[in-house]
Amino acid sequence: MAHLIDLTLSELVKKIKSKEISSKEITSAYIDRSIKSKKLNTYVEETFEEAIKNSEKFDNNPSFEKKLSGIPLAVKDLFCTKNVKTTASSKILENFVPTYESTVTQNLWNEGAILLGKLNCDEFAMGSSNETSHFGNVISPIDDNLVPGGSSGGSASALAAKLTPATIGTDTGGSIRQPASFTGTVGLKPTYGSCSRYGIVAFASSLDQAGPMTRDVKDCALMLEVMSSFDTKDSTSINFKRPNYFSDLNKNIKGKKIGIPKEYRVDGMPSEIENLWEKGKNYLKDCGAEIIDISLPHTKYALPTYYIVAPAEASSNLARYDGVKYGFRADGENLIDMYEKTRSQGFGDEVKRRIMIGTYVLSSGYYDAYYLKAQKVRKLIKNDFDNVFNNVDAILTPSTPSSAFKIGDKTNDPVSMYLNDIFTVPVNLAGLPGISIPAGLDKNNYPLGLQVIGKPFDEQGILDIAFSMEEKINFKLKTNDWWIK
Amino acid sequence: MIICLKVNYHMSIDLKTVKHISKLSRISIDDQKAKKLEKDLNAIFEWIEQLNQLNTDKVEPLTSIAETTLRFRKDQIVSKNIREDVLKNSPKENKDYFVVPKVVE
């Protein structure tokens, strides 16, 4: 049944509903392939036995009225799953077994999905290459020794390698869209407040959003429809009327105004990306959209702003890991010594670095100069978007300034690693929805993505634009299964 | 004559400051790690410095993207009898308490 894994999520749902295939057949096919794909190091926790049992349970008493009836899914290990280990790929949570379920994953199970396992990511979602995980690097199925991007690197890799029909990630500065771009898959970060943050291991609470990662735009709409909900357990969850993203999806974007921000034409960007962006514009014109040149003047300040705001929030969020109530504990001579040793041994280098940046910018005497300053620049960045959205419906940009790089290429230079997120970070700072879709290949045959940014709560708008572009681009992800012996 | 001096907030972070931040962060570091961090943090803050090119005197800080006031909820207990759950992941086992090193002499 090798062809089962080639079906998209929405095709699978259809085939289960028409009783052409059973949940167990699909679940077994994904498990078999996942077992053969250990080289990619995508899973940090496998729940295969439980998944088979759940698929049998579904087949014995199927309920076809749900949106993900009998569909097996692996999810990023940043989502708390009840009675299933949740580590955020950190040593400090190595043995943490939540007694509660995140709202987003609960929404998946409520619609009939079955957990396959938990996927590797950068430690506490801090990274752009999945090289900061306590459980080792994730390999991209695109090429040996290539990073899948990060922080949702395990999710992107598992999706591209067809170890799960779809998956979910989290995106604080690009952690869904950048790995999607690197692996030739679709990734969407919703508007801040669309998907509940309850039960997601916190990184930077004013920026964190969960979102879908899928093989095509249709699947993306379906997953978003299931994931997004108003939730009183998240104080920043927003109560708005959520459309039926999947059934409302349509290719008619005639008359839509699409902005092209001149500041995203950055120095040193490969001409391939420039050309791809140009192609994207032409596709949109072919679909009847209008292309308008726009300016987002504070773009270049987005990354330094992010690297104050995100570490500041992280240093506060990660203060909870003190070895007292849960997680790893190192023995110490006294309480303070225990804290310091626990955190020193429990966190990896990048996480420590960011906690220390955050602690510094929030510390007495520096708060105004750094943190307050960053909050003010963040306001200017948001104003930029508010201004252009008076004249355009959406914005088209490249997803990343380069294609995927080799493992180890950027680990010694934090700033060059941070620059990966130059096109994705402004979207988080402004709380907007953004989607990355595969748009072509570079000279090494590595995928490149284009990003569509929308107005707040206009996920439907960017999905429709992505849907119409996808048809024109007609990208086919090819991997020759080189990692399977 | 009035001399205008551009205020540059960034003083390079020295080893002493790195150790102070590590203390505040409750993360112990050895000298070798401290030296590496000194280099990394200086590179990062040098890059962050570009924010000072912007005059933000009249800009309101953005503290929350949602721009809503927090909702009130009913003052009701929703989680009952979860003692076991709360203690379940405790690093030192005890069915009634969290155990920590002695704090009061």
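A residue is buried if 20 or more other C-beta atoms lie within 10 Å of its own, exposed if 12 or fewer, and partly exposed in between, with C-beta atoms placed from the backbone. I took helices (H or I, at least four residues) and strands (E, at least two) as DSSP runs, numbered from the N terminus.

I note that this is a predicted model, where local features need pLDDT of at least 70 and side-chain atom pairs count only at pLDDT 80 or more, while totals for chains, interfaces and linings use all residues. Residues are numbered from 1 along each chain as its sequence is written, and chains are lettered from A and ligands numbered from 1 in the order in which they are written.

**Entry: S11 of chain A**

I began with S11(A), where eight of its eight residues are buried. Pro447(A), Gly449(A), Gln451(A) and Ile453(A) point one way, Leu448(A), Leu450(A), Val452(A) and Gly454(A) point the other way, and all are buried.

Next I looked up its partners, counting two strands as paired if DSSP finds at least two bridges between them. Strands of a sheet pair through backbone hydrogen bonds, either parallel or antiparallel. S10(A) (residues 434-441) runs antiparallel to S11(A), joined by seven bridges. Ile435(A) has Val452(A) as its bridge partner there. S10(A) and S11(A) form a hairpin with five residues between them, and Asn445(A) in the turn has a positive phi of about 65°.

S9(A) (residues 394-398) also pairs with S11(A) (residues 447-454), in the antiparallel sense over five bridges. I found Ile395(A) bridged to Ile453(A), and Thr397(A) bridged to Gln451(A).

**Entry: the sheet around it**

In which order do the eight strands of the open sheet run? I read S4-S6-S5-S10-S11-S9-S7-S8 in chain A, with mixed pairing. The edge strands are S4(A) (167-171) and S8(A) (290-294), each pairing on one side only. The twist averages 30° from one strand to the next; axes are lines fitted to C-alpha atoms, for helices over the stretch in contact, and angles run from 0 to 180 degrees between N-to-C directions.

S7(A) and S8(A) pair in the parallel sense over five bridges. In that pair, Ile260(A) stands opposite Asp293(A) in S8(A). Four of the five residues of S7(A) (residues 257-261) are buried, so S7(A) is largely enclosed by the rest of the structure.

I checked helix lengths against the expected span, which is 1.5 Å times one less than the number of residues. The 13 residues of H3(A) (residues 48-60) should span 18 Å, and the end C-alpha atoms are 18 Å apart, which agrees. In H3(A) I listed Ala51(A), Asn54(A), Ser55(A) and Phe58(A) as buried. They cover an arc of only 100° around the axis, which puts them on the same side of H3(A); the arc is that of the directions from the helix axis to the C-beta atoms. Glu49(A) and Asn60(A) are exposed on the face turned away from the buried side.

What covers the buried residues of H3(A)? The cover includes H2(A) (23-36), S2(A) (72-76) and S3(A) (114-119). For contacts I used C-beta atoms, placed from the backbone, that lie within 7 Å.

H2(A) has 14 residues and reaches 20 Å from its first C-alpha to its last, close to the 20 Å expected. Its buried residues include Ile26(A), Tyr30(A) and Ile31(A). They pack against H1(A) (9-17), S1(A) (43-46), H3(A), S2(A) and S3(A).

**Entry: Thr103 of chain A**

Thr103(A) is found in H4(A) (residues 103-110). It counts as buried because it has 24 C-beta neighbours inside 10 Å. Leaving aside neighbours within four places in sequence, I found Thr103(A) in contact with Ser196(A), Tyr198(A), Gly199(A), Ser229(A), Asp231(A) and Lys233(A).

**Entry: chain B and the interface**

Chain B has three helices and zero strands. Of its 105 residues, 15% count as buried.

How many residues of chain A are in contact with chain B? I get 55 residues of chain A, in contact with 40 residues of chain B. H9(A) (302-317), H10(A) (335-346), H11(A) (349-362), H12(A) (367-388) and H13(A) (414-418) are the elements that give two or more residues to that side of chain A. H12(A) gives the most, with 11 residues.

Technical notes:
Two residues are in contact if their C-beta atoms, placed from the backbone, lie within 7 Å.
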